[in-house]
Amino acid sequence: MTDQLQPGGLGRIGTPAVARVGYGAMQLDERISTDDAIAVLRRAVELGVNHIDTASFYAGGEVNHRIRKALAPYRDELVIVSKVGAAYTGVGPLPLTAAQKPAELRAAVENDLRQLGLDTVPVVNLRRYDLGPAPAPEGDQNVDLDDQLAEMIALRDEGKIAAIGISSVGLEALQRALPAGIVCVQNAYSLLDRTQEDALDFCADEGIAWVPYFPLGSAFPGFPKVTDHAVVREVAAEVGATPAQIGLAWLLTTSANTLLIPGTGSLPHLEENMKVADIVLSDDAVARLDAITAPGQGPDYAASLREAFRGAATT
C-alpha cells in the first residue's frame with residue numbers, strides 16, 4: 001500500500017477502518033481504456049484510499065474485472081463495497097433494470113465474488129428503489145424489505161459477504177432494517193439536497209457509515225449542481241479551491257461518520273478529489289454553506305428523475 005495518511009482521516013464501515021475519502025469506481029467502464037482505469041485505481045491506493053465502491057452491474061461486470069486486475073496485490077488491505085438490487089441490460093440510455101428478488105440478490109453477490117476474485121465481499125449494499133432515482137419496480141420486482149434482508153443475512157451467515165449496507169431508503173425503512181446489522185447507508189445527499197438529514201442523524205447516532213451519492217447534486221443534465229451555486233463559488237475563490245472541492249469538503253463537516261466516494265476516470269481529477277481532505281473551511285464558510293439549503297429540504301430529485309427515466313425508457 002502506502003505510508004501516506006489516509007485522506008480525510010479515518011472512519012469506519014462496521015469494524016474496518018477506512019479513509020474518509022474513498023473512491024467510487026462506476027466511471028471505469030468502456031469509455032476509458034483498461035490501462036487508464038488500472039492507472040487510476042492504483043494511484044488511488046497510492047494516495048491512501050482503501051475504500052473502493054463498485055457493483056457487479058457496472059458495465060456488466062467490466063468495472064469489477066478492472067478492479068481485480070489493478071488491485072489484486074492489495075486485496076487484503078482494501079474494503080471493497082458492492083451493491084445488489086439492479087442488473088445490467090446494456091440497452092438504452094439507462095442500461096439497468098431492477099433485480100430485487102432474493103435469488104437475484106444472491107446471483108449478484110456470486111457475480112461479485114467471481115469477478116473480483118474474492119472469497120468474501122467486505123460490504124454489500126442492498127439497493128432499494130424507495131427514494132429513486134429510477135421508478136419504483138412493479139410486479140414481482142416489488143419485493144418486501146424483510147424478504148430481501150433475510151437473503152442478505154443468509155449470505156452473511158454463509159461467509160459470502162461480511163457486512164450488510166442499504167441504499168436509497170428513508171428513515172422508516174432504515175430503522176426497520178437496523179436489526180439486520182446495517183453498517184452503512186448510501187442515499188442522495190448534498191448541499192442542495194438535504195431531504196435525508198433525519199437518516200444522516202440516525203446513522204450518526206447509531207455509528208453507521210453515511211456514504212452520500214449525488215454529492216454535488218444530480219449527475220443528470222438539467223438539474224441543479226452544487227458547483228454552479230454562487231455561495232459555493234465564492235467560498236471556493238476565498239480558499240483557493242474548486243467549487244467541486246468545496247461541495248465535497250462541506251460533506252466532511254456534516255458528521256464524523258460521513259464517507260465520500262467521488263469517482264473519476266481521470267488521474268488529475270483523482271488528485272483533485274483527494275486534496276479535498278486538506279481543505280479547512282472556516283466557521284463562517286461552513287455557516288454560509290449550511291444556509292444554502294435547510295436540513296430536511298431540497299429539490300425533489302427523486303420525483304423529477306423518475307419522470308426523466310420514464311421518458312427515456314419510452315423513447
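Student: Why is aspartate 144 called partly exposed?

Tutor: Buried means under 20% relative accessible area, exposed over 50%, and partly exposed in between (1.4 Å probe, protein chains only). Aspartate 144 has 36% relative accessibility, so it counts as partly exposed. Bear in mind that this is a predicted model, where local features need pLDDT of at least 70 and side-chain atom pairs count only at pLDDT 80 or more, while totals for chains, interfaces and linings use all residues. Residues are numbered from 1 along each chain as its sequence is written, and side-chain values use heavy atoms, with hydrogens and water left out.

Student: What makes arginine 176 and aspartate 144 a salt bridge?

Tutor: The term asks for a side-chain nitrogen of Lys or Arg within 4 Å of a carboxyl oxygen of Asp or Glu. The closest N and O atoms of arginine 176 and aspartate 144 are 3.0 Å apart, so the pair qualifies.

Student: Arginine 31 forms a salt bridge with aspartate 29; which of them is exposed and which is buried?

Tutor: Arginine 31 counts as exposed because its relative accessibility is 66%, whereas aspartate 29, at 12%, counts as buried. The closest N and O atoms of this pair are 2.9 Å apart.

Student: Why is histidine 51 called buried?

Tutor: Histidine 51 has a relative accessibility of 1%, so it counts as buried. This residue lies in strand β4. Leaving aside neighbours within four places in sequence, histidine 51 is in contact (heavy atoms within 4.5 Å) with residues including Ile13, Val81 and Leu259.

Student: And what makes the phi of serine 168 worth a look?

Tutor: Phi of serine 168 is near 60°, a positive value in a residue other than glycine. Serine 168 is found in the loop between β9 (164-167) and α5 (171-177), and its relative accessible area is 1%, so it is buried.

Notes. Helices (H or I, at least four residues) and strands (E, at least two) are DSSP runs, numbered from the N terminus.
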